Amino acid sequence: QVQLVESGGALVQSGGSLRLSCVASGFSLAPYFMGWFRRAPGKERETVACISSRDLSTWYPDSVKGRFAISRDNAKNSVYLQMNSLKPEDTADYYCATVSHCSSDTSPLLKGQGTQVTVSS
């Protein structure tokens, strides 16, 4: 079964850190650009991080730049999102997905079910 499964979401205090994981099964994510997205209630989907498939270049929006870091381990068929200095406005459902390119308007192709991150003030 081709799928992405996220984990690592939790309730954390403002200023805290979390590391989200995304594991692929049924296919190799090595050839794919990978992105992390979030969606909060009443808000539009936001791309929060993206990593290319070959040169491992990364992209972040200004809202998380300097606080979030995306990485990948193709040997483990996994992508990670390290989130530091978390703020209440980071509260959302986070999910990983394959994408065609890294930019603010990239769309998720194959996506996981998501993991909830809640940041308390």
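Which residue forms a salt bridge with Glu46?

1. The partner is Arg38. In the Glu46–Arg38 salt bridge the closest N and O atoms are 2.9 Å apart. The term covers a side-chain nitrogen of Lys or Arg within 4 Å of a carboxyl oxygen of Asp or Glu. The count by this rule is four salt bridges.

2. This is a predicted model: local features need pLDDT of at least 70, side-chain atom pairs count only at pLDDT 80 or more, and totals for chains, interfaces and linings use all residues. Residues are numbered from 1 along each chain as its sequence is written, and side-chain values use heavy atoms, with hydrogens and water left out.

3. Arg38 also forms a salt bridge with Asp90. Here the closest N and O atoms are 2.8 Å apart. The pair links distant parts of the chain, 52 residues apart. Arg38 sits in strand 4 (residues 33-39); Asp90 lies in the loop between strand 8 (78-83) and strand 9 (92-99). Strands are DSSP runs of E, at least two residues, numbered from the N terminus.

4. Buried means under 20% relative accessible area, exposed over 50%, partly exposed in between (1.4 Å probe, protein chains only). Arg38 is buried at 8%. Asp90 is buried at 0%. Glu46 is partly exposed at 25%.

5. Asp62 forms a salt bridge with Lys65, with the closest N and O atoms 3.4 Å apart. Asp62 is exposed, at 66% relative accessibility.

6. One network remains to be noted. Salt bridges with shared partners join Arg38, Glu46, Arg67 and Asp90.

Technical notes
Helix = DSSP H or I, 4+ residues; strand = E, 2+ residues; numbered from the N terminus.
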